[in-house]
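User: Hello! I would like a close look at one part of this protein, with the cut-offs spelled out along the way.

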Amino acid sequence: MVIIFYFSSMVADDSSNTSIPIAEVVIQKIEQFTDISIGIDSEAYNLIHHCVRKAGHFLEYMALGCTLVLPFAFILEGKVYYKLKIILYSELFAALYACTDEFHQIFVDGRDGNLKDVGIDSLGALTGICAGFIFWRTGKKIIHKTR
């Protein structure tokens with residue numbers, strides 16, 4: 001959450017400067033494997049940069065979602081429908097954090113709060129939650145087999 005807050009606190013130019021090098025690597029790979037040349041002022045360049053930025057949102061929240069599973073598992077384990085509650089509470093927490101993160105960006109120069117980003121963040125979190133849940137369940141099974 002601290003890392004997400006840090007990235008959200010970056011002014012627009014600084015935020016773009018972190019994603020542009022990644023977008024340029026993607027563009028180089030596209031140009032390497034195709035006959036397409038992508039200019040810096042082209043729509044394709046802007047689209048790729050946009051996709052890289054959205055992928056960053058997705059991946060940040062995927063990591064958050066994965067890390068939320070364990071604390072909720074410790075709190076809820078053994079209660080009625082605890083497996084479902086772990087997933088739901090983790091997703092609710094991540095989605096609420098995404099909302100506060102987008103609200104926070106309203107106050108950062110050149111940034112804005114975007115409901116679509118909340119959706120991307122929430123989907124990333126759900127992906128991470130599913131992975132974290134699988135890791136947690138697999139770890140529990142391994143521990144029980146060794147006892």
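Is valine 80 buried or exposed, and what is its relative accessible area?

Analyst: Valine 80 is exposed, at a relative accessible area of 56%; here exposed means over 50%, buried under 20%, and partly exposed in between, with a 1.4 Å probe and protein chains only. A word on the model: it is predicted, so local features need pLDDT of at least 70 and side-chain atom pairs count only at pLDDT 80 or more, while totals for chains, interfaces and linings use all residues. Residues are numbered from 1 along each chain as its sequence is written, and side-chain values use heavy atoms, leaving out hydrogens and water. The average pLDDT (the predictor's confidence in each residue, from 0 to 100) is 93, and 100% of the residues score at least 70.

Valine 80 sits in the loop between H3 and H4; helices are DSSP runs of H or I with at least four residues, numbered from the N terminus. Together with Tyr81, Leu84, Leu88 and Tyr89, Val80 makes a nonpolar surface patch of about 560 Å². Such a patch takes residues with over 30% relative accessible area and no salt bridge, its nonpolar side chains (Val, Leu, Ile, Met, Phe, Trp, Tyr) being joined within 5 Å; the areas come from the Shrake-Rupley method with a 1.4 Å probe, and for residues only the protein chains shown count as cover.

The loop between H3 and H4 also holds glutamate 77, whose partner lysine 140 lies in helix H5, so their pairing ties together parts 63 residues apart in sequence. The two side chains meet in a salt bridge at 2.1 Å, N to O, the term meaning a side-chain nitrogen of Lys or Arg within 4 Å of a carboxyl oxygen of Asp or Glu. Glutamate 77 is partly exposed at 35%, whereas lysine 140 counts as buried at 17% relative accessibility.

The structure holds two salt bridges. Another pairing is that of lysine 54 with aspartate 117, their closest N and O atoms being 2.6 Å apart. This pair links helix H3 to helix H5, again across 63 residues. Lysine 54 counts as buried at 19% relative accessibility, and so does aspartate 117 at 5%.

Conventions. Patches are made of residues with over 30% relative accessible area and no salt bridge: like charges are joined within 9 Å, nonpolar side chains (Val, Leu, Ile, Met, Phe, Trp, Tyr) within 5 Å. Helices (H or I, at least four residues) and strands (E, at least two) are DSSP runs, numbered from the N terminus.
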